[in-house]
Amino acid sequence: MIIKKNGYARIKGSRVRVVDIVRKYYILRYSKREIAELYNLTIEEINEALWYYITHKREILEILKNEERITLELLRHRY
């Protein structure tokens, strides 16, 4: 089950955000099994997170975009 907490969609009973699963699966190309093992989740929970992404794409993409912007800013200030 997906819940909203502190402005982020998360896997119920965990601190894992949907956006983190999306990043691992679609961007970093982890398998569902690798993600499940990494976060101690079931494949069903991974599938729920990916379905949430499909049905809330704009929301998740906005979070990804903002986090990328923040990362780039931090890197720019580091060097």
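Tutor: First, a term: helices (H or I, at least four residues) and strands (E, at least two) are DSSP runs, numbered from the N terminus. This is a predicted model, where local features need pLDDT of at least 70, side-chain atom pairs count only at pLDDT 80 or more, and totals for chains, interfaces and linings use all residues. Residues are numbered from 1 along each chain as its sequence is written, and side-chain values use heavy atoms, with hydrogens and water left out.

Student: Which helices each supply at least two residues of the nonpolar patch?
Tutor: H1 and helix H3 (43-55) do.

Student: Which residues make that nonpolar surface patch?
Tutor: Tyr26, Ile27, Leu28, Tyr30, Leu38, Trp51 and Ile54, with an area of about 710 Å². Nonpolar side chains (Val, Leu, Ile, Met, Phe, Trp, Tyr) are joined within 5 Å, like charges within 9 Å. Areas come from the Shrake-Rupley method with a 1.4 Å probe; for residues, only the protein chains shown count as cover.

Student: Isoleucine 27: buried or exposed?
Tutor: Exposed, because its relative accessibility is 52%; the cut-offs are under 20% for buried, over 50% for exposed, and partly exposed in between (1.4 Å probe, protein chains only). Isoleucine 27 lies in helix H1.

Student: Different topic. Where is arginine 17?
Tutor: In the loop between strand S2 (8-11) and helix H1 (18-27). Arginine 17 counts as buried because its relative accessibility is 13%.

Student: What is arginine 17 in contact with?
Tutor: Leaving aside neighbours within four places in sequence, arginine 17 contacts Tyr8, Ala9, Arg10, Arg23 and Glu67. Contact means heavy atoms within 4.5 Å.

Note on methods
Patches are made of residues with over 30% relative accessible area and no salt bridge: like charges are joined within 9 Å, nonpolar side chains (Val, Leu, Ile, Met, Phe, Trp, Tyr) within 5 Å. A salt bridge is a side-chain nitrogen of Lys or Arg within 4 Å of a carboxyl oxygen of Asp or Glu.
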